[in-house]
Amino acid sequence: MTGKAGCSACRDGRDLPLAITMAFQPIVDLSNRTVFAHEALVRGRGGETAAQVLALIDADRLYAFDQACRVTAIRQAAMLGMPTVLSINFMPNAVYRPEHCLRSTLAAAERAAWPLTRILFEVTEQEKVVDAGHLLEILTTYRARGLLTAIDDFGAGHSGLNLLAEFQPDLVKLDMDLVRGIDRDRPRRVIVDHAARMCTDLGIRIVAEGVETAAEHRALLDLGIVLQQGYLFARPLVEGLPPVAWPAPGGAPERVDASIA
């Protein structure tokens, strides 16, 4: 898609097959019981799930979709008065020129008076990156602008370690399949332990996503992983900031309002 067509589409989203909105899910910091960030997760305004929305996005609409998601997430976060970092997923293959494709993001942040230092861009390891050098250029460009970066679904693909050797993001998010049942699965525990130590040595913060049980939560804490995300704490809330359930030692979760955590 050409830059001119893409930028026109990203302003109003008219090329998209359906209207989109965002659901927000917190990433909690258990070291001080605060909400570190909220991840923006795309939804259809007709109640469509993320999978249903993505199924309607073909290659010709990829750029417009990626840009519309960024702008929508920033606008809604500002309207909600989100007090945390805003985490946005982006598609490397939809970015043809990093600096050019940041224009709508920068404009949306300026309109919303949203600091660039409170935007975290997540790139999934599961997406097949056509050009690794292009991805490095994107991440380097984003960092130069003051944006935070993260590798999502770390451990699910095959390029994570090679990418870390070339570029160290601010955060790495462990794939939920590594987190699932970690309290009773020694191989997963060993792998996550070594991944966490490696990230610490590289100056990268690590997030465990897909945390669903108190046992998984405690096992991850034992490994020193204090940034966690999952249904145990809160389910995504469409156009809202869900309350957080803080696991209480040996007791029922304690709920607090995520907007003031």
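Biologist: Is arginine 205 buried, partly exposed or exposed in this predicted model?
Modeller: Arginine 205 has a relative accessible area of 39%. Buried means under 20% and exposed means over 50%, so a residue in between takes the middle class. Arginine 205 is therefore partly exposed.

Biologist: Which residue meets the side chain of arginine 205 in a salt bridge?
Modeller: Side chains of opposite charge can pair when their charged atoms come close. Here the N to O distance is 3.6 Å. The partner of arginine 205 is aspartate 29.

Biologist: How many residues apart are aspartate 29 and arginine 205?
Modeller: Aspartate 29 belongs to strand E1 (residues 20-29), and arginine 205 to strand E7 (residues 205-209). The pair links distant parts of the chain, and the separation is 176 residues.

Biologist: Which strand holds lysine 173, the salt-bridge partner of glutamate 39?
Modeller: The side chains of glutamate 39 and lysine 173 meet at 3.0 Å, N to O. Glutamate 39 lies in strand E2 (residues 34-44), and the pair ties together parts 134 residues apart in sequence. Lysine 173 lies in strand E6.

Biologist: Is lysine 173 buried or exposed?
Modeller: Buried means under 20% relative accessible area. Lysine 173 has 1% relative accessibility, so it counts as buried.

Biologist: What is the distance between the closest N and O atoms of glutamate 216 and arginine 180?
Modeller: Glutamate 216 is in helix H10 (residues 214-222), while arginine 180 is in the loop between helix H8 and helix H9. The two form a salt bridge, and their closest N and O atoms are apart by 3.8 Å.

Key:
Residues are numbered from 1 along each chain as its sequence is written. This is a predicted model: local features need pLDDT of at least 70, side-chain atom pairs count only at pLDDT 80 or more; totals for chains, interfaces and linings use all residues. Side-chain values use heavy atoms; hydrogens and water are left out. A salt bridge is a side-chain nitrogen of Lys or Arg within 4 Å of a carboxyl oxygen of Asp or Glu. Helices (H or I, at least four residues) and strands (E, at least two) are DSSP runs, numbered from the N terminus. Buried means under 20% relative accessible area, exposed over 50%, partly exposed in between (1.4 Å probe, protein chains only).
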